[in-house]
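Biologist: Hey, can you walk me through this one? I'd like to start with the charged side chains.

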Amino acid sequence: MILKIENIEMQFRDHVLFSNVNLQVKTGEKIVLIGPNGSGKTTFLKILTGELEQTDGKIEFYGHKIGSINQFRIDEDKTLYEEGLSAFEEAISFYNLAIDSVMKDDIDEYGNALANAEVLDIYAAEKKVREMLKGVGFEEKDFGRRLSTLSAGEITKLEIAKVLIMDPELIILDEPGNYLDIYGLKFLNEALISLKGAVIIATHDRKMMEKVPDKIWEIDFGTIKSYDGKYSDFLVQKEMFLKTIEHRTDDIDKKIANLRRSIVRYRQWGRDKSVKQAKSKEKIVEKLQKERENYEFERQKIFKDIHFQVENVTEDVILKVNDLEVFAGQKKIGEFSFEIHNGEKISILGKNGIGKTSLLKAIISDRTHVSFGPNTFMAYVDTVGSERTKKSVIEKIWETVPLWKDYEVRRYMGRFGFEGEDVFKSVSLLSGGEFVRYQLAIALIKNPNFLIMDEPTNHLDLYMIESLEETLSEYAGAVLFTTHDLEFAEHIADTFMVMDENGLHHFKDYSEAEDFLKSPATVRKKSSDASSSVDKRKKIKNRLKKIEIEITEFERQLSEISDNIEKAESQMMNEMDHVKLIRIVQDKAEFEKRSEEMINKIYALEYEKVQLEEML
């Protein structure tokens, strides 16, 4: 065991965030922490790292080193690579001591210092730093950049890399996926699995939840409960747990109802003995009600009762992009041409900074190289770059639908998780998840038949993401969206466009898109004209169909030839006429020649078929 958590409680003023938390972490165990936004995940992790002090309870750590991204002091004068290398500061210090000892002819000190440096993996330092920095999304050209030039997100990526480089006995990470693209998340998944130390990580990335953890910890019912296995195992166990609670609460409600009926009867009788019995049963009711409170929990915010009225979409092509040049500032991202059809759901995937957002903004603003269908009504959901207004949520909704009554606005916003006084919050003060829900509410209020969305799952918790998936799956209109959440893309999209330095690569099958994403950049470049081209794929599939037809026909002809050879062999056994026998032998030789040619043709087609299938 590396960590023991006993009776932890955290209270803010009169509000208890969680209590009675009793958990253990074994050496090398991987744990994913989940819970709705605002449930206390970040607070709990800060308690574990020592950044916050709990109200009650104790934590015992039995190792030497905990790794978290908030533990580092950044020296802004250092380069990215130098800061990464500082994770080996102790090893470098021992190595330098060994060098100094040689200069002083102190062989004993040299041996000890060098041994300590080797234990701390000094010889692998540069290799590990480069691998980790590249893994989280930095390029070789970034290594010389001063830290003062890095954005907050880039600093966080650097800190994640340093934590992984250190490989401590326990790593604690809070939503690292907010700063990593699909390649960074893939790298992080693999890195966490391979780590010797234990890991506690808060995330809503379901790919990670199915690959990394040995346990799922969920914040719910005012405490944190542990479930064995991956996320799919958790879902089964949680459902059973909820059914148990449901049965228990139903049982308590029935007992309370029966007791209250008895109390009414006893008080109606008005006798001293019956009044005493009524008071006794009232105490039992109070006790049951307190027990009932232990099973009450805040309802998780989800998208509710959103039904789209998608009408007047008569055209097949709703968006046509023709030779659209896309720029990010002065840098040209590329030139793009593609079509989107009615009802199609397309996900744009690619690393951060490749130009996905720039492409969406160009589609929205360009009317020379971009055309929408005559009956296409588009709405744009921008969770990345939208400016924050100081107006309240309800004010902004009324600007869009000024004729709506107060109760209509409140009912509509309730579908997006804004209930009660939430509608009066200033947009500028909304949390990340609240702002995404607000953006979706504004975009969908007039029932568009085409949605363009930039990172719609940003800052949403797991429950809201799954709810949004269900909503969009039932949406009859077309959707074009960027995301770094591969699970979300897989569940929503029927077409996948992977964006890289060579342009857009189209896939109809998610597994093919994922394989392409996983392949090295050099392989992707070589295969861009073959496996990522829709036209090329269609040609390959058409050729495969033709090959199947040709093989079937040649096999039929080969069967006929084989019958003729058998027939000739039978005639040769029975023919006594010398002249006829010679002719039969000649015919047999001709059949055998044709048989060999036919077999070679079939072999050639089979070989071509295998080669083409490998290109798909």
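Modeller: A salt bridge here is a side-chain nitrogen of Lys or Arg within 4 Å of a carboxyl oxygen of Asp or Glu. With that in hand, K4, E6, K58 and E60 are linked in a network of salt bridges. Keep in mind that this is a predicted model.

Biologist: OK, and how many salt bridges does the structure hold?

Modeller: There are 41 of them.

Biologist: Pick one for me. What does R145 form a salt bridge with?

Modeller: R145 bridges to D142, and their closest N and O atoms are 3.7 Å apart. R145 also takes part in a salt bridge with E154, where the closest N and O atoms are 3.2 Å apart.

Biologist: Is D142 buried or exposed?

Modeller: D142 counts as buried, because its relative accessibility is 13% and the cut-off for buried is under 20%. R145 is partly exposed, with a relative accessible area of 24%.

Biologist: What about K207, which residue does it form a salt bridge with?

Modeller: That would be E487, with the closest N and O atoms 3.7 Å apart. K207 sits in helix 8 (residues 206–211) and E487 in helix 16 (residues 486–492), so this pair ties together parts that are 280 residues apart in sequence. K207 is buried at 16% relative accessible area, and E487 is buried at 17%.

Biologist: Let's switch to helices. Which residues of helix 13 are buried?

Modeller: In helix 13 (residues 406–414), V409, Y412, M413 and G414 are buried. The cover over them includes helix 12 (393–400) and helix 14 (432–444).

Biologist: How do helix 12 and helix 13 cross?

Modeller: Two packed helices are described by the angle between their axes and the distance between the axes. For helix 12 and helix 13, the axes come within 11 Å and cross at roughly 110°. That makes helix 12 roughly perpendicular to helix 13.

Biologist: And which residues make that contact?

Modeller: From helix 12 you have V393, I394, I397 and W398, and from helix 13 you have D406, V409 and M413. Sorted by class, the contact has six nonpolar, no polar and one charged residues.

Biologist: Zoom in a bit. How many bridges join strand 3 to strand 7?

Modeller: Four, and strand 3 (residues 30–34) runs parallel to strand 7 (residues 198–202).

Biologist: Last topic: how do strand 10 and strand 11 pair?

Modeller: Strand 10 (residues 317–328) and strand 11 (residues 331–341) pair in the antiparallel sense over nine bridges. V321, for instance, has F338 in strand 11 as its bridge partner. The two strands form a hairpin with two residues between them, and G329 in the turn has a positive phi of about 70°.

Biologist: And strand 13, in which sense does it pair with strand 10?

Modeller: Antiparallel, over three bridges, with strand 13 covering residues 370–372. There, K320 stands opposite S371 of strand 13.

How values were computed: Residues numbered from 1 in each chain as written. Predicted model: local features only at pLDDT ≥ 70, side-chain atom pairs only at ≥ 80, totals over all residues. Heavy atoms only, no water. Buried < 20%, exposed > 50% of the residue type's maximum accessible area, 1.4 Å probe, protein only. Contact = heavy atoms within 4.5 Å. Axes fitted to C-alpha atoms, helices over the stretch in contact; angles between N-to-C directions. Parallel < 35°, antiparallel > 145°, perpendicular 65-115°, else oblique. Nonpolar A, V, L, I, M, F, W, Y, C, P; charged D, E, K, R; others polar. Pairing = 2+ DSSP bridges.
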